[in-house]
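Hi,

Here is the structure I promised to pass on.

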Amino acid sequence: MLKKLLKSGTAVLAAAVLFLSAMFFTDYSRVSSLKEPIFAKPEASASTMSTTAKGIGYRVDIKYHFDENGNRGIEQIGMYAFGKLIFAAIT
């Protein structure tokens, strides 16, 4: 009985780690392509020039610029995991 419970618990834990890793690497791939993350949700921001999006164990800081037509684009983006910078780009 204990062996079966341990096996089930391990499978659930492995599935959760796999799911969270897939979320992280999807957002990492988008950020490294200068796109906004999918799974990290933006916090409410009073400014339209920058925002912070938070995921599980990571955050993405984005600064925007506006062109002459008023279209918003990403000027600077940085991704932090557990407080450490793991990717940054400036256009």
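**The helix and the sheet**

Helix H1 (residues 2-32) lies across S3, S4 and S5 and runs at about 140° to S4. Helices here (H or I, at least four residues) and strands (E, at least two) are DSSP runs numbered from the N terminus. The angle is taken between N-to-C directions on a scale from 0 to 180 degrees, with axes as lines fitted to C-alpha atoms, for helices over the stretch in contact, and contact means heavy atoms within 4.5 Å.

Before you read on: this is a predicted model, where local features need pLDDT of at least 70 and side-chain atom pairs count only at pLDDT 80 or more, while totals for chains, interfaces and linings use all residues. Residues are numbered from 1 along each chain as its sequence is written, and side-chain values use heavy atoms, leaving out hydrogens and water.

The sheet is open and has five strands in the order S1-S2-S3-S4-S5, with antiparallel pairing. At its edges are strand S1 (41-42) and strand S5 (84-90), each pairing on one side only. Two strands count as paired if DSSP finds at least two bridges between them.

**Going through the pairs**

- S1 and S2: two bridges, antiparallel, with Lys41 partnered by Lys54 in S2.
- S2 and S3: five bridges, again antiparallel. Ala53 sits opposite Val60 in S3.
- S3 and S4 (residues 72-81): nine bridges, antiparallel. Tyr58 has Ala81 of S4 as its bridge partner, and Tyr64 has Ile74 of S4.
- S4 and S5: six bridges, antiparallel, with Gly78 standing opposite Ala88 in S5.

In a regular strand, side chains alternate between the two faces of the sheet. On S2, the covered face has Thr51 and Ala53, and the uncovered one has Ser50, Thr52 and Lys54.

**Turns and positive phi**

What does the backbone do in the hairpins? In the one formed by S2 and S3, with three residues between the strands, Gly57 takes a positive phi near 90°. The hairpin of S4 and S5 has two residues between the strands, with Phe82 at a positive phi near 55°.

Most residues other than glycine have a negative phi. Phe82 is not a glycine, yet its phi is positive, about 55°. Phe82 is also exposed, with a relative accessible area of 75% (exposed means over 50%, buried under 20%, partly exposed in between, with a 1.4 Å probe and protein chains only). Leu34, in the loop between H1 and S1, likewise has a positive phi, near 60°. Leu34 counts as partly exposed, at 31% relative accessibility.

**A patch on the surface**

Which residues make the nonpolar surface patch? Phe19, Leu20 and Ile56 do, over about 320 Å². Patch residues have over 30% relative accessible area and no salt bridge; like charges are joined within 9 Å and nonpolar side chains (Val, Leu, Ile, Met, Phe, Trp, Tyr) within 5 Å. A salt bridge is a side-chain nitrogen of Lys or Arg within 4 Å of a carboxyl oxygen of Asp or Glu. Areas come from the Shrake-Rupley method with a 1.4 Å probe, and for residues only the protein chains shown count as cover. Ile56 lies in the loop between strand S2 (50-54) and strand S3 (58-66), and is exposed at 59% relative accessible area.

Cheers
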